[in-house]
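Subject: Structure handover

Hello,

Here is the structure for you to take over. Please open it first, then read the notes below.

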Amino acid sequence: TDSSILIACKKQISDVDLGFVGEVESVNTVALKNLCKAGFVPVVSPVAQDINGDFYNINADDVALGVASALKASKLVFLSNVDGVLKDVNDKDSLITELNRKDVPELIKEGIISGGMIPKIRSCAEGIKSGVKEIFIANGSCEESILKKLVENKEVRATKIY
């Protein structure tokens, strides 16, 4: 079973019916902590049921944010196929290494943050607002373990959102 880690609710965006698109209503932190204490690494699906048993698809970044916030995590890492936020998507050397959540709306307006990076950065900004101390967007396809470096507080090629 999935231990009912997530409880979903239908996502509402004004008058638009998104069908079975949901958002995280609650996270069963007791079940997550018990799994970790037992030596398991929980894998949380972005598909969850609501209180009526209906299934909803939830944005995976929102699930990660919901879990990190509920657990009061000090760090959250979003792995992507890029090193982080780039000032110029055509220049890998234009990595923004630190980003204040308050600067996000302006960077979106300027087009520096665009496409699929917008929901990821919005999740990051919301995560910081909800109490997660540091959130990173890093390239998950690197040979060296990004997660190990972050845990050991070593330098990482990534964007840190604060």
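Contact here means heavy atoms within 4.5 Å. With that rule, and leaving aside neighbours within four places in sequence, Ile135 is in contact with Leu76, Phe78, Cys124, Gly127, Ile128, Thr159, Lys160 and Ile161.

Some ground rules. This is a predicted model, where local features need pLDDT of at least 70, side-chain atom pairs count only at pLDDT 80 or more, and totals for chains, interfaces and linings use all residues. Residues are numbered from 1 along each chain as its sequence is written, and side-chain values use heavy atoms, with hydrogens and water left out.

Confidence

pLDDT is the predictor's confidence in each residue, from 0 to 100. The protein chain has a mean of 89, and 94% of its residues reach 70 or more. Helices (H or I, at least four residues) and strands (E, at least two) are DSSP runs, numbered from the N terminus. Confidence is highest in strand S4 (residues 55–58), at a mean of 96. It is lowest in helix H5 (residues 146–151), at 69.

Helix H4

H4 covers residues 117–129. The expected span of a helix is 1.5 Å times one less than its number of residues. For the 13 residues of H4 that gives 18 Å, and the end C-alpha atoms are 18 Å apart, so the two agree.

Buried means under 20% relative accessible area, exposed over 50%, and partly exposed in between (1.4 Å probe, protein chains only). The buried residues of H4 are Met117, Ile118, Lys120, Ile121, Ser123, Cys124, Ala125, Gly127 and Ile128. They pack against helices H2 (60–70) and H3 (104–109). They also pack against strands S5 (75–80), S6 (98–99), S7 (134–139) and S8 (158–161).

Lys129 also lies in H4. At 58% relative accessibility, Lys129 counts as exposed. Its C-alpha atom is 13 Å from that of Asp103, 26 residues apart along the chain. After H4 comes Gly131, with a positive phi near 115°.

Cores

A nonpolar core is a set of buried Ala, Val, Leu, Ile, Met, Phe, Trp, Tyr and Cys residues joined through side-chain atoms within 4.5 Å. The largest has 21 residues. Those touching the most other members are Val85, Leu99, Ile113, Ile121, Ile135, Ile137 and Ile161. S5, H3, H4 and S7 each supply at least two residues of this core. H4 gives the most, with six. A second, separate core of 11 residues includes Ala8, Val27, Ala48 and Val63.

Asp61

Asp61 sits in helix H2. Its relative accessible area is 13%, so Asp61 is buried. Beyond its neighbours within four places in sequence, Asp61 is in contact with Phe78, Pro119, Lys120 and Ser123.

Aromatic pair

Rings of Phe, Tyr and Trp (its six-membered ring) pair if their centres lie within 6.5 Å; planes under 30 degrees apart count as stacked, over 60 as edge-to-face and the rest as tilted. The structure holds one aromatic pair. The rings of Phe20 and Tyr56 have centres 5.6 Å apart and planes at 45°, so the pair is tilted. Phe20 is in the loop between strands S1 (6–10) and S2 (21–27), and Tyr56 is in S4, so the pair ties together parts 36 residues apart in sequence. Phe20 counts as exposed, at 55% relative accessibility. Tyr56 counts as buried, at 7%.

Cysteines

A disulfide is a pair of cysteine sulfur atoms within 2.5 Å. By this rule the count is zero. Cys36 is partly exposed at 46% relative accessibility. Cys124 is buried at 0%.

Best wishes
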